Amino acid sequence: MATYPTITRRQLLAYTLGIGIGAAKAAPWYFDVRNVFPFHTRKGLKKFHQPLRGIGPGGIPVATPDAFVAPTTGVTHYSLFIRQFTVQLHPDLGATTLWGYHSVVPLGGRAQVQRHLGGIFVVQRGKPIQVTFTNELPPKHILPVDRSANFPGAQKQQNATTTHIHGGFVPWTSDGCPCTWLTPDGQYGPSVQSQNGNIYKLLNPHLEPDQAEYYYPNDQSARLVWYHDHAYCLTRLNASAGIASAYIIRDHFESELRNDGLLDFVEHGGREIPLIIQDKIFVGTDLERKDPSWPGPREVGSLWYPHVYETNRWSLGPHPLGLPPDRSVVPEMFGDTMLANGTVYPETTVEDRRYRLRVLNGCQARFLNLQLYIDNGSADSITLNNNSEPTNAAGPDFFVLGTEGGFLPKPVRVPSNHPFDPASLKGSLITAPAERWDLLFPERRPRFRPFPFPKKGSYACCLTGNKLIPFFILIFQGCSSSRSRWRPIVLSRSGGQLISG
């Protein structure tokens with residue numbers, strides 16, 4: 001009988017926060033030699049060699065309505081595909097195969113390349129919509145699938161999907177419950193059938209076998225929600241593979257606030273920037289040496305995902321069967337490379353004016369601590385002391401206007417430079433996975449870079465350049481020009497030496 005050490009929930013949280021954005025020196029077991037996780041990934045990715053991806057034509061595609069109304073309900077109708085595609089996420093990486101949403105009628109016209117996080121919705125409160133999702137995924141998943149007895153759904157199919165609005169107030173038939181999945185060949189999960197028949201065909205009797213139909217009332221105040229796959233036994237893998245995007249709800253109250261100084265909306269060209277933060281791992285050139293048993297795509301730049309149960313990180317406890325086999329479910333995944341809006345280490349030019357950031361922590365398990373510092377002119381714009389804390393001058397405080405629940409009664413000032421404190425579990429703006437913020441940044445030129453969470457951790461994306469760093473640290477770069485740049489990065493502490501990538 002195998003026995004492994006356990007850790008408390010508080011230790012787990014502290015370690016999670018301590019890991020930060022990249023592969024960091026957060027806890028002794030994190031870099032144990034048995035753990036292939038942090039070592040085989042691509043190192044030395046150049047920073048700030050590609051633009052931060054915007055929203056709309058040429059950027060992340062935005063979904064727009066079909067020319068016809070929805071069957072049964074008569075409301076506005078949208079159509080989206082769920083497909084496999086390839087994209088280059090960094091100039092030094094090869095093509096990455098992803099899964100994701102793609103609108104049939106994207107904003108700006110039909111002929112648009114599918115991109116990571118595509119299919120963003122911008123909807124109005126009180127105006128319901130109906131959506132047809134067509135599942136065109138291949139039979140084999142791009143990530144390792146645990147097909148043990150714990151995951152009976154994954155034993156039968158690897159390309160099942162169902163769509164869940166995270167934070168949406170919707171009827172249960174359109175909530176994307178795990179067992180309402182469907183496959184491209186027309187198989188359905190057990191919850192699709194009801195006393196009145198197939199729940200999807202109640203909304204749209206003309207559906208093809210690979211299609212599902214959802215009704216979203218949008219009866220909520222203005223806020224940022226998001227939607228992602230929720231299929232039984234596959235949610236963690238499907239979301240990590242890319243099946244996720246943003247869902248912005250507008251209302252009259254928010255529109256009127258523009259008369260009182262709220263910045264105009266992104267769809268009107270205003271200084272509002274949706275920012276989706278993620279961490280991922282990519283296959284490197286040393287895969288054969290670091291992870292020879294890797295069962296997924298082996299090309300450099302392909303997604304990598306933990307597939308061996310790491311007993312140096314997670315307790316198994318007494319169990320007569322001993323270690324789980326390869327391709328076991330991994331409780332949490334911490335990537336070593338940060339992405340902002342679907343690109344690795346981007347930058348963008350911004351003006352010396354206020355900006356409204358709609359932030360979503362799209363990481364699978366990583367908490368973020370959003371901070372703001374002044375760029376110190378170094379290669380990475382940030383310098384850490386021996387405790388992995390920034391030595392840069394503090395940037396100006398920023399403000400929280402709202403959360404995933406909508407606007408707050410009044411803005412809340414956030415101190416810009418509070419590193420994570422493992423004793424109190426506090427920092428500047430602690431952000432859990434799937435948590436959203438509506439932030440206002442003051443009129444100073446920033447630059448964006450991702451920075452990790454806690455005291456001991458790696459650092460990633462910042463908005464700099466006057467640069468900000470929403471991942472964990474936002475950096476203001478002092479400069480005399482009226483325009484500046486935002487940049488995301490990942491910094492790690494290893495062996496007492498600051499490394500990047």
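These legends go with close-up views of aromatic rings in a predicted model. Residues are numbered from 1 along each chain as its sequence is written. Local features need pLDDT of at least 70 and side-chain atom pairs count only at pLDDT 80 or more, while totals for chains, interfaces and linings use all residues; side-chain values use heavy atoms, with hydrogens and water left out.

**View 1. Phe 133 and Tyr 227 make a tilted aromatic pair.** Rings of Phe, Tyr and Trp (its six-membered ring) pair if their centres lie within 6.5 Å; planes under 30 degrees apart are stacked, over 60 edge-to-face, and the rest tilted. Searching the whole structure turns up 14 aromatic pairs. In this one, the centres are 6.2 Å apart, with 45 degrees between the planes. Phe 133 sits in strand 4 (residues 129-135) and Tyr 227 in strand 9 (residues 223-229), so the pair ties together parts 94 residues apart in sequence. Strands (E, at least two residues) are DSSP runs, numbered from the N terminus. Phe 133 and Tyr 227 are both buried, meaning under 20% relative accessible area (1.4 Å probe, protein chains only).

**View 2. Tyr 216 meets Tyr 247 edge-to-face.** Their planes are at 85 degrees and their ring centres 6.0 Å apart. Tyr 216 belongs to strand 8 (residues 211-216) and Tyr 247 to strand 10 (residues 244-250). Both Tyr 216 and Tyr 247 are buried.

**View 3. Here's an aromatic cluster.** Its members include Tyr 78, Tyr 101, Phe 133, Tyr 216, Tyr 227 and Tyr 247.

**View 4. Arg 258 lies over the face of Phe 265.** The distance to the ring centre is 4.4 Å. A charge sits over a ring if NZ of Lys or CZ of Arg is within 6 Å of the ring centre and within 35 degrees of the ring normal.

Note on methods:
Helix = DSSP H or I, 4+ residues; strand = E, 2+ residues; numbered from the N terminus. Buried < 20%, exposed > 50% of the residue type's maximum accessible area, 1.4 Å probe, protein only.
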